[in-house]
Amino acid sequence: MSKPRTHALSDLLDELEGTVEGESVRVEEVIDALGHSSFASLMLVFSLICTSPASAIPGVTALLALMVFILVAQMMVGRESLWLPGFITRRRLSSEKLCKGIKWLRKPVRFVERFLKPRFTWFFHRPWIWVPLILVMALTLFMPFMEFVPTSGSIASAVIALFAASLLTRDGVLALLSLPLLAVIPVTIYYWI
């Protein structure tokens with residue numbers, strides 16, 4: 001995992017914006033730009049896209065939930081490089097909606113990253129790290145159904161983004177804060193549906 005940086009989240013948005021060319025961008029191009037071994041970066045990007053206005057496109061929430069599920073499963077088995085099936089990597093995202101989402105995210109990201117720093121890094125080692133990873137996987141299983149409930153998919157994605165941000169910046173305090181949210185949302189959605 002790359003060394004944590006104070007502006008790691010803003011840098012990630014810059015890298016994501018750099019992938020945008022033409023009317024659409026392939027998922028594979030996003031992965032290539034961020035690096036196949038940057039699991040935390042990829043999880044954060046996928047969840048942020050789902051949190052942004054780009055999630056209004058039908059099927060995006062379900063697709064990104066599947067991508068995060070596969071990503072987390074590979075993290076848990078210790079895979080060093082991300083693999084995704086071709087039907088996912090060939091999918092295209094609207095450049096206009098993606099850019100609109102990135103612009104929308106910049107202000108909250110700039111605000112949040114002021115408070116992030118490496119601390120409680122023991123939480124990112126096994127067996128502790130398994131707890132949030134399992135909760136993220138459980139949450140992604142509910143996300144396809146959230147497309148029918150306005151904003152619920154965005155809320156779930158925002159929680160996953162919090163945990164991914166903690167992974168990227170090695171901020172164990174943020175990771176611990178994300179745990180109750182990761183646990184409560186799937187249970188709430190289950191009883192609500």
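Contact here means heavy atoms within 4.5 Å. By that criterion, and not counting residues up to four places away in sequence, Leu44 touches Leu9, Leu12, Ala161, Ala164, Ala165 and Leu168. The structure is a predicted model, in which local features need pLDDT of at least 70 and side-chain atom pairs count only at pLDDT 80 or more, while totals for chains, interfaces and linings use all residues. Residues are numbered from 1 along each chain as its sequence is written, and side-chain values use heavy atoms, with hydrogens and water left out.

A nonpolar core is a set of buried Ala, Val, Leu, Ile, Met, Phe, Trp, Tyr and Cys residues joined through side-chain atoms within 4.5 Å; buried means under 20% relative accessible area, exposed over 50%, and partly exposed in between (1.4 Å probe, protein chains only). The largest such core has 64 residues, and those with the most contacts inside it are Met43, Leu44, Phe46 and Phe163. At least two residues of this core come from each of H1 (8-18), H2 (27-34), H3 (39-51), H4, H6, H7 (130-146), H8 (152-169) and H9 (172-192). Helices (H or I, at least four residues) and strands (E, at least two) are DSSP runs, numbered from the N terminus. H4 provides the largest share of the core, 11 residues. In soluble globular proteins, nonpolar side chains tend to be buried together.

Leaving aside residues up to four places away in sequence, Ala65 touches Thr140, Met143 and Pro144. Ala73 is likewise in H4, but is partly exposed, with a relative accessible area of 24%. Between the C-alpha atoms of Ala73 and Met137, 64 residues apart along the chain, the separation is 7.7 Å.

H3 is largely enclosed by the rest of the structure, because 13 of its 13 residues are buried. This helix reaches 18 Å from its first C-alpha to its last, close to the 18 Å expected at 1.5 Å a residue; the expected span is 1.5 Å times one less than the number of residues.

H6 has 19 residues and reaches 25 Å between its first and last C-alpha, close to the expected 27 Å. A kink of about 35° lies at Arg106, shortly before the proline Pro108, the bend at a residue being the angle between axes fitted to the seven residues ending there and the seven starting there. Arg106 counts as buried because its relative accessibility is 18%. Its side chain makes a polar contact (2.9 Å) with the side chain of Asp14. A polar contact is a pair of N or O atoms within 3.5 Å; within protein, one must be able to donate a hydrogen and the other to accept it, and residues adjacent in sequence count only if both atoms are side-chain atoms. What covers the buried residues of H6 includes H1, strand S1 (24-26), H3 and strand S2 (92-94).
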